[in-house]
Amino acid sequence: MTAPQEMPPVFLTISDDENAVTVELRRTSKKSPIRIGVGSPGRQSGIWRIWSSKGKHDVYIAARNTMQIQKWSLHESGDWRYQWCTYSAAQGFSGTEERILDRWERPDEITATGWTKGFSIFVRHEDVVDIPDHDGGAGVDWLPVPSEGNQIGMHVVIARPDMGFVGLGEMGLHLVDGFVMANNHVVLLLANEVPIDQQANEALNAEVRRGLSLMCADVLWSPGLRMMLYGEDQDGGRRVHDIALTQAAFESRSNAGA
């Protein structure tokens, strides 16, 4: 019997004008996903999980508190999806067994870098809130709270190694974490802080109000309750805003329905 061939390590060099640090990226495992949040335990955004199964080339993204219900799947085939995790979840929440909520083709790779834009998660300053007695869970990387009027962007990128230098600093990005899939392609999580203009902010708040108006009356407010507002970028990429649902918003909903 032939012994399984050991996969070579993959290294990533991070540098600026004066310093360079080289790190070895871990191999993918369902037991060692990327776990990411904004803030700190007890004053935080939602916690997000990014993973790939051993021996597979697909990437999965989900919010921790809804990962048994909905997820984003970036399949190696190029069939990328936002979907219910099970037929029963689809039936229970939408009244149909159709699992797929959105489907799009993997975008073209950036030839010079070998990078492919995957998916983005945004958290505004006001959506980092107090969640009493919540420890945030183990193994979470915490990003700093953005300044008022700003938001943190967390960006999933799929990259082929050995394609040359990429200037993250020039794009205002920094590396948070990453892992290597079975095909030696790399999944990176990058982050930046960017402003959100008033028009975009008002549009998000209008969507929150609309979502609350459609929510079942028996849903009770709790400090950790959040809404995921899903949308499309100007270039066709997909993104989600991780929104805190405040008690004031719930009270406004109740008063509107009275």
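A polar contact is a pair of N or O atoms within 3.5 Å, where one must be able to donate a hydrogen and the other to accept it. I keep that beside me while I look through this predicted model.

**Entry 1: Trp221**

I started with a polar atom of the Trp221 side chain and found the backbone oxygen of Leu245 2.7 Å from it. Next I asked where Trp221 sits. I found Trp221 in the loop between helix H2 (198-214) and strand S16 (226-232). Is Trp221 buried, exposed or partly exposed? I looked up its relative accessibility, which is 31%, so Trp221 counts as partly exposed. Leaving aside neighbours within four places in sequence, I listed the contacts of Trp221 as Leu245, Thr246, Gln247 and Phe250. I also checked Ala248, which is 27 residues from Trp221 in sequence, with 9.9 Å between the two C-alpha atoms.

**Entry 2: the S16 hairpin**

From the loop I moved on to S16. I found S16 running antiparallel to strand S17 (residues 238-244), with 7 bridges joining them. One pair I noted is Met227 with its bridge partner Ile243 in S17. S16 and S17 form a hairpin with 5 residues between them. In the turn I saw that Gly236 has a positive phi of about 90 degrees.

**Entry 3: strand S6**

How many of the 5 residues of strand S6 (residues 59-63) are buried? I counted 5 of the 5, so S6 is largely enclosed by the rest of the structure. I reminded myself that side chains alternate between the two faces of the sheet in a regular strand. On one side of S6 I have Val59, Ile61 and Ala63, on the other Tyr60 and Ala62, and all are buried.

Then I looked at the partners of S6. Strand S5 (residues 48-51) runs antiparallel to S6 and is joined to it by 4 bridges; here Ile50 stands opposite Ile61. Strand S7 (residues 70-74) also pairs with S6 in the antiparallel sense, over 3 bridges, and there Ser73 stands opposite Tyr60. S6 and S7 make a hairpin with 6 residues between them.

**Entry 4: the cores**

Which residues touch the most other members of the largest nonpolar core? I found Trp48, Ile50, Ile61, Trp72 and Met154, out of 28 residues in that core. Several strands supply at least two residues each to this core, including S5, S6 and S7. S13 gives the most, with 4 residues. I then followed Ile61: leaving aside neighbours within four places in sequence, its contacts include Trp48, Ile50, Trp72, Phe119 and Val156. Last, I noted a second, separate core of 11 residues, with Val157, Leu168, Val186 and Leu190 among them.

How values were computed
Residues numbered from 1 in each chain as written. Predicted model: local features only at pLDDT ≥ 70, side-chain atom pairs only at ≥ 80, totals over all residues. Heavy atoms only, no water. Buried < 20%, exposed > 50% of the residue type's maximum accessible area, 1.4 Å probe, protein only. Pairing = 2+ DSSP bridges. Contact = heavy atoms within 4.5 Å. Core = buried A, V, L, I, M, F, W, Y, C linked by side-chain atoms within 4.5 Å.
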